[in-house]
Amino acid sequence: MEVRYLVRNVELKDSLRDYMDDKLSKLERFFANIGNPNVTLSYKRGLFTVEITIKAGHVVLRGEESDDDLHTAFDKALKNLERRVKRHKEYLQDRGRVLRHLEEDIDFGVDFPQEQAKETSLDVIRRKEFDLEVMTEQEAVLQMELLGHDFFIFKNYETGDVNVLYKRRDGNLGILEPRG
């Protein structure tokens with residue numbers, strides 16, 4: 001397993017890197033096809049933040065924690081990630097399912113006008129690309145929880161449409177579905 005580190009405002013000593021490599025290698029006991037972890041270490045406002053992201057099969061799992069000690073922040077993030085990995089593995093075993101993929105083009109069902117946008121004070125400062133996975137609504141809920149995000153975009157297995165799952169202010173979940 002090859003760990004990729006991204007370090008911001010932190011000095012990563014070899015002893016700590018070896019410790020992290022050793023701990024992260026133990027994640028392979030949960031999944032045989034676990035991907036290489038990405039570890040982001042940063043220091044901001046007196047706190048070290050550690051974010052660990054791995055891909056297990058076609059599911060992205062993420063653990064993030066902050067602490068005033070880098071070693072402690074890493075241990076907490078790893079514990080958080082291990083909890084999510086275990087929950088995902090139990091889900092797959094309970095359901096007896098493997099994530100499905102369909103090989104077809106994605107039609108968003110929206111015609112985008114070619115007009116030039118009016119100038120506004122808001123600018124797009126970040127653009128992110130991702131693989132659109134085919135899954136059921138329940139699998140999307142689980143994936144959103146595993147990532148710790150407030151929304152999740154997926155291709156619905158039942159309808160074939162692109163849906164957006166989101167967490168509402170009242171704590172419940174909502175799904176945006178295209179019409180027609």
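**Note on charge pairs, core and backbone in a predicted model**

1. With a relative accessibility of 67%, Asn9 counts as exposed, where exposed means over 50% relative accessible area, buried under 20% and partly exposed in between (1.4 Å probe, protein chains only). Asn9 sits in the loop that joins strand 1 (4-8) to helix 1; helices (H or I, at least four residues) and strands (E, at least two) are DSSP runs, numbered from the N terminus. The phi of Asn9 is positive, near 60°, in a residue other than glycine.

2. The model is predicted, so that local features need pLDDT of at least 70 and side-chain atom pairs count only at pLDDT 80 or more, whereas totals for chains, interfaces and linings use all residues. Residues are numbered from 1 along each chain as its sequence is written, and side-chain values use heavy atoms, with hydrogens and water left out.

3. Arg45 belongs to the loop between strand 2 and strand 3, and with a relative accessible area of 79% Arg45 is exposed. As background, most residues other than glycine have a negative phi.

4. Five salt bridges are found when the whole structure is searched, the criterion being a side-chain nitrogen of Lys or Arg within 4 Å of a carboxyl oxygen of Asp or Glu. In one of these, Asp67 and Lys76 meet through their side chains at 2.8 Å, N to O; Asp67 is buried at 13% relative accessibility, while Lys76 is partly exposed at 37%.

5. Arg87 pairs with Glu145 in a salt bridge whose closest N and O atoms are 3.6 Å apart. Because Arg87 lies in helix 2 (residues 70-95) and Glu145 in helix 3 (residues 137-147), this pair ties together parts that are 58 residues apart in sequence. Both partners are partly exposed, Arg87 with a relative accessible area of 32% and Glu145 with 38%.

6. Asp170 and Arg168 also form a salt bridge, with 3.6 Å between the closest N and O atoms, and Arg168 is partly exposed at 40% relative accessibility. Elsewhere, a network of salt bridges links Glu51, Arg62 and Glu64.

7. Helix 3 is largely enclosed by the rest of the structure, because eight of its 11 residues are buried. Among the buried residues of helix 3 are Glu139, Gln143 and Met144. Gly148 follows helix 3 and has a positive phi, near 75°.

8. The largest nonpolar core has 30 residues, and those with the most contacts inside it are Leu24, Val50 and Ile52; such a core is a set of buried Ala, Val, Leu, Ile, Met, Phe, Trp, Tyr and Cys residues joined through side-chain atoms within 4.5 Å. At least two residues of this core come from each of helix 1 (14-25), strand 2 (38-44), strand 3 (47-56), strand 4 (59-67), helix 2 and helix 3. Helix 2 gives the most to this core, namely eight residues.

9. A patch of negative charge on the surface gathers Glu137, Glu158, Asp161 and Glu177. Patches are made of residues with over 30% relative accessible area (Shrake-Rupley method, 1.4 Å probe) and no salt bridge, like charges being joined within 9 Å, with Asp and Glu counted as negative and the charge placed at CG of Asp or CD of Glu.

Terms used. Patch = residues over 30% accessible without salt bridge, like charges linked within 9 Å, V, L, I, M, F, W, Y side chains within 5 Å.
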